[in-house]
Amino acid sequence: MATQERKQREQAVRERLIVATARELAEQQGWDAVTTRRLAERIEYSQPVLYSHFRGKREIIGAVALQGATEMAAAVRAATSAEDNPRARVTALARAYLDFAAHNPAVYDALFQLDGGLTYAQDDTPEPLKDAFAALMESLSEVAGDGVDPGLFTEVFWASLHGLATLTRAGRLLPECAELRVQLLVDRLAIA
């Protein structure tokens, strides 16, 4: 039994190394630079060892996305827990989300732009993705308004944040108006 446990620990360490290396390479050079050959070279394992953990780049992107979802949920919860009223929590949520997108572009792409083989908004959606959505909904449900489905409101608010994050990263929005956009979004959509 001890040998099996050791092998499982070693496998988990290799998987974390593969994901961390892919993430680092993607943050430095973009996802196009992430290939199984480059990853195998960087982690100093053969490509067959890499393939014993992940069937290819798509699964690696999915693993980075799941890790990112967990981190994003934690960032949103940390930001919102420091606020004492619903509107302040929503403002903190928006800032935390946009900051996460700006500081983790490759992870954000893995989560929302690239095909990582993950399902969203379905029964079989992986728990980290469900939890990231729940982290948004925890604060947004407070300001959805009477008769508005909290899940639907969260989707619309999230879509707005995603649009702001994506357009900002692409250089399509004036940087000096970032805070004004957050306030406008909160003022116009958050009822409470």
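The model is a predicted one. Its chain has nine helices and zero strands, so a helix counts here as a DSSP run of at least four residues. Of the 192 residues, 37% are buried.

**The chain as a whole**

- Followed along the sequence, the pattern reads α-α-α-α-α-α-α-α-α.
- The C-alpha atoms fill a box of roughly 55 × 40 × 30 Å along the principal axes.

**The nonpolar core**

- In soluble globular proteins, nonpolar side chains tend to be buried together.
- The largest nonpolar core in this chain has 50 residues.
- Within this core, the residues with the most contacts are W31, Y97, L111, L140, F157 and L161.
- Two or more residues of the core come from each of α1 (2–29), α2, α4, α5, α6, α7, α8 and α9.
- L140 is in contact with V90, L93, F153, T154 and F157, leaving aside its neighbours within four places in sequence.

**Helix α6, an enclosed helix**

- Seven of the eight residues of α6 are buried, so this helix is largely enclosed by the rest of the structure.
- The buried ones are A106, V107, Y108, D109, A110, L111 and F112.
- These buried residues of α6 pack against α1, α4, α5, α7 and α8.

**Helix α7, buried on one side**

- Helix α7 has 14 residues and spans 19 Å from its first C-alpha to its last, close to the 20 Å expected at 1.5 Å a residue.
- Its buried residues are L129, A132, A135, L136, S139 and L140.
- They cover an arc of only 125° around the axis, which puts them on the same side of α7.
- The cover over the buried residues of α7 includes α4, α5, α6 and α8.

- Helix α8 runs over residues 150–169, so to speak in 20 residues, and reaches 28 Å from first C-alpha to last, close to the 28 Å expected at 1.5 Å a residue.
- G151, F153, T154, F157, L161, L164 and A165 are the buried residues of α8.
- Because they cover an arc of only 150° around the axis, they sit on the same side of α8.
- The buried residues of α8 pack against α5 (86–103), α6 (105–112), α7 (127–140) and α9 (178–189).
- At the N-terminal end, D149 caps α8: one of its side-chain oxygens lies 3.1 Å from the backbone nitrogen of G151.
- Just after α8 comes G171, with a positive phi of about 75°.

- T80 lies in helix α4, which covers residues 57–81.
- T80 counts as buried because its relative accessibility is 8%, and buried means under 20%.
- Leaving aside neighbours within four places in sequence, T80 is in contact with R89, A92, L93 and S139.
- T70 is also found in helix α4, but T70 counts as partly exposed, at 46% relative accessibility.
- T70 and A132 are 62 residues apart in sequence, yet their C-alpha atoms are 6.5 Å apart in space.

**Two loop residues with positive phi**

- E44 is not a glycine, but it has a positive phi of about 60°.
- E44 lies in the loop between α2 (36–43) and α3 (47–53), and at 72% relative accessibility it counts as exposed.
- A121 is not a glycine either, and it has a positive phi of about 55°.
- A121 lies in the loop between α6 and α7, where it counts as exposed at 68% relative accessibility.

Notes:
Residues numbered from 1 in each chain as written. Predicted model: local features only at pLDDT ≥ 70, side-chain atom pairs only at ≥ 80, totals over all residues. Heavy atoms only, no water. Buried < 20%, exposed > 50% of the residue type's maximum accessible area, 1.4 Å probe, protein only. Contact = heavy atoms within 4.5 Å. Expected span 1.5 Å × (residues − 1). Arc of directions from axis to C-beta. Polar contact = N/O pair within 3.5 Å; in protein donor to acceptor, adjacent residues only side chain to side chain. Core = buried A, V, L, I, M, F, W, Y, C linked by side-chain atoms within 4.5 Å.
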